[in-house]
Amino acid sequence: MTELSKITIETSKRLSLAQELAVIRAAAERHPDSAETRARLTSLLLQSDLFEEVIDLLGERSQLSFGEGMMLI
């Protein structure tokens, strides 16, 4: 008789919002001109209710994308 095997898969661990924010902030410091990093940082700041930091981040830019400009309105 054959025995049934049970396969268990360990789920990956997600970063908390605070951990992801710290990682993206470090990436933004290394690559300040990266639009993708800036967009992700802006999204995480908004999720964390850090609206003043969003204004500071986008307000210092000389050229904003349409989406970034809309966030400042």
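Predicted model: local features only at pLDDT ≥ 70, side-chain atom pairs only at ≥ 80, totals over all residues.
Visitor: Why is L45 called buried?
Guide: Buried means under 20% relative accessible area. L45 has 2% relative accessibility, so it counts as buried. The residue lies in helix 2.

Visitor: What is L45 in contact with, leaving aside its neighbours within four places in sequence?
Guide: Its contacts are L21, R25, L50, E53, V54 and L57. A contact here means heavy atoms within 4.5 Å.

Visitor: How far apart are L45 and G67 in sequence and in space?
Guide: They are 22 residues apart in sequence, and their C-alpha atoms are 15 Å apart in space.

Visitor: What makes R40 and E20 a salt bridge?
Guide: The rule asks for a side-chain nitrogen of Lys or Arg within 4 Å of a carboxyl oxygen of Asp or Glu. For R40 and E20 the N to O distance is 2.6 Å, so the pair meets the rule. R40 belongs to helix 2 and E20 to helix 1, and the two are 20 residues apart.

Visitor: Why does R40 count as partly exposed?
Guide: Partly exposed is the class between buried, under 20%, and exposed, over 50%. R40 has 32% relative accessibility, so it belongs in that class.

Visitor: How many salt bridges are there by this rule?
Guide: The count is four. One of them joins R61 and D33, where the closest N and O atoms are 3.7 Å apart. R61 is in the loop between helix 3 and helix 4, while D33 is in the loop between helix 1 and helix 2, so this pair ties together parts that are 28 residues apart in sequence.

Visitor: Are R61 and D33 buried, partly exposed or exposed, and why?
Guide: R61 has 25% relative accessibility and therefore counts as partly exposed. D33 has a relative accessible area of 64%, which is over 50%, so D33 is exposed.

Visitor: Where in the chain do E68 and R38 lie?
Guide: The side chains of E68 and R38 meet in a salt bridge, at 2.6 Å from N to O. E68 lies in helix 4 and R38 in helix 2, 30 residues apart. Both residues are buried.

Visitor: What is the phi of D49?
Guide: D49 has a positive phi of about 60°, although it is not a glycine. The residue lies in the loop between helix 2 and helix 3.

Visitor: How much space lies in the largest pocket?
Guide: The space is about 240 Å³. The pocket is lined by 14 residues, and the closest to its centre are A28, E29, L41, L57 and E60.

Visitor: Which helices supply at least two residues of the lining of the largest pocket?
Guide: Helix 1, helix 2 and helix 3 each do. Helix 2 gives the largest share, four residues. By class, the lining has five nonpolar, three polar and six charged residues.

Methods:
Residues numbered from 1 in each chain as written. Heavy atoms only, no water. 1 Å grid on protein atoms, 1.4 Å probe; cavity = no way out; pocket = protein on both sides within 12 Å on 5 of 7 lines; lining within 4 Å. Points joined across faces, edges and corners; volume = space filled by probe spheres on them. Nonpolar A, V, L, I, M, F, W, Y, C, P; charged D, E, K, R; others polar. Buried < 20%, exposed > 50% of the residue type's maximum accessible area, 1.4 Å probe, protein only.
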